[in-house]
Amino acid sequence: MMITHEVLNQAPPREGVDEFAANVPLVEAVARWGTAAFPGGAGVEADAAPSALHELGRLVGGAAFQRDAELANTNPPRLVTHDRWGARIDEVEYDESYHRIMRAALAAGAHTSAWADPRPGANADRAAAFLLLAQVEPGHACPVSMTHAAVATLEHAADGLRAEWMPRLLSRAYEPGLDGRGAGSVAAAEPSALVGMAMTEKQGGSDVRANTTRAVPRPGGGIRPEWGAEYGLTGHKWFCSAPMSDAFLVLAQAPAGLSCFFVPRVLPDGSRNVFRIQRLKDKLGNRSNASSEIELDDTTGWLVGEEGRGVATIVQMVTRTRLDCVIGTAAGMRQSVAEAAWHARHRRAFGALLVDQPAMAAVVADLALESEAATLTSLRLARAYDVDASESEQAFRRLATAVAKFWICKRGPDHAAEALECLGGNGYTESFPLARRYREQPLLAIWEGSGNVIALDVLRVLAREPEAFMAYFDVVGEAAGEHPAFDLALAEVRAVVGELSGADASAAAFRARELTERLALVLQASLLLRHSPGPVADAFVRSRLEGDGGSMYGALPPGVDVAAILARA
């Protein structure tokens, strides 16, 4: 009998890997900008990175976690509107694999560790943990990110609300579902909490000032006077992600205008707040995470910040979720590079390993350049959010977060598609993770502001906060003199800024994307020139700023040290 099913020339499973140790640019970035680099840390050597990140790297690089990532997406959340007796419960059931992933993420502090222990480098450490987890399973990162970001907005809440809820947000425990919460103190019923947001409505989308959800003040002190002013909210929200979170920050029209409200799923007496989940969205990707449409009907909420200042109140949450879009895209790029490089190093074609074929080597090296640039940018940005950030750093991050969110998240889908192609037909099947990644990457370019929204935000910064551009150029200017092409690109983007500063609104808007792309590329190039090996920085600058490499991955300029780049992949 002829044996036809002997498996030959297939890459072995990529399991049993310390994903942190394997990601050399990430290890170096944590050593440079994480807590280990500052007094009280472990030092500035690359091998001094927190041991917790190595432990997490081994967890996400293990077969069990990877299997959970697959199961959480192939067994997506399911909406249960009523119990078997007909009572409305509005719950979402998740596969147990999702709960195991969430438990690991919160235990690692990927949500609020930088808030719980605010010190120099804390946000870089937290970003690294977030990146490692999102590299393997991105859907769960949505509630993790929103909880991290919500802390900034809840600082504007009443003292009593903060006192009761903040310890729950900072907890590393994970309590799924809404059951088991008796009457009395909510905090006594459950030790931890996740917080989401509900801003967009079907008629407005990103234009939240078009929201029609109403918030009516309730007379008297309310059921919890120490939580602040109580309102009844009525309206519809078109996108509400992770609807099984414990509470939400919601925008609604109060008498003085659009305002921000804290809306818990369970009220202080243990009863359910009115929070009707109409349906779950059927999405292209992000399958493990439930996104929903909800109805509020005189739903109880507490004012956060000032009435009529809802956008200003919630903007800190938005900014930090934009940062996590950058980190999440970098995570996806790392997964794409790792899988492509692994396949190329184990698969033979035409008499040689794929990695030894010049065309394939150039593609994987180019993907690695993009991944390293995204990783450095995300960790450098995270560092700017630490407790010791100066006024200049805060101005820098205001602009740099928008710039990086625009460019890096836009690069994600093409990056995933090219990496998937490296695996050939295997990459296009659901048995390998890059098909899932390919569907995931477009989300992060949409979430918290699509391309035009972000580019126009950059113009608003130019008009209202010129000091942010000064701080930005101070940072990128630190690489001046390192490469002629960089110096030219830096001069050109300064010139564009000058032109648009005096342009009329429509002319500036027409060039908003051009400006934002230029700003992003000089930021990435400056970071690589200062912190990455020479062959990496030179290849990036020549291919992205000089333009010799064309517009597709793998079209690198002559003379690029491909072997040196691949050694870091």
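## Surface and charge

The protein chain has an accessible surface of about 22100 Å², computed by the Shrake-Rupley method with a 1.4 Å probe. Carbon and sulfur atoms own 54% of that surface. Keep in mind that this is a predicted model: local features need pLDDT of at least 70, side-chain atom pairs count only at pLDDT 80 or more, and totals for chains, interfaces and linings use all residues. Residues are numbered from 1 along each chain as its sequence is written, and side-chain values use heavy atoms, with hydrogens and water left out.

On the charge side, there are 55 positive and 70 negative charges, and their mean positions sit 3 Å apart. Lys and Arg count as positive, Asp and Glu as negative, while His and the chain ends are not counted; each charge is placed at NZ of Lys, CZ of Arg, CG of Asp or CD of Glu.

## Overall fold

The protein chain holds 21 helices and eleven strands (DSSP runs: H or I of at least four residues, E of at least two, numbered from the N terminus). Its radius of gyration is 24 Å, close to the 25 Å from the globule rule for 569 residues, so the chain is as compact as a globular protein of that length. That radius is taken over C-alpha atoms, and the rule is 2.2 Å times the number of residues to the power 0.38.

Of the 569 residues, 57% are buried, meaning under 20% relative accessible area (1.4 Å probe, protein chains only).

## One hairpin

Strand 1 (residues 78–82) and strand 2 (residues 88–93) run antiparallel, joined by four bridges; pairing takes at least two DSSP bridges. Arg 78 has Glu 93 as its bridge partner in strand 2. Five residues lie between the two strands of this hairpin, and Gly 86 in the turn has a positive phi of about 95°.

How values were computed. Buried < 20%, exposed > 50% of the residue type's maximum accessible area, 1.4 Å probe, protein only.
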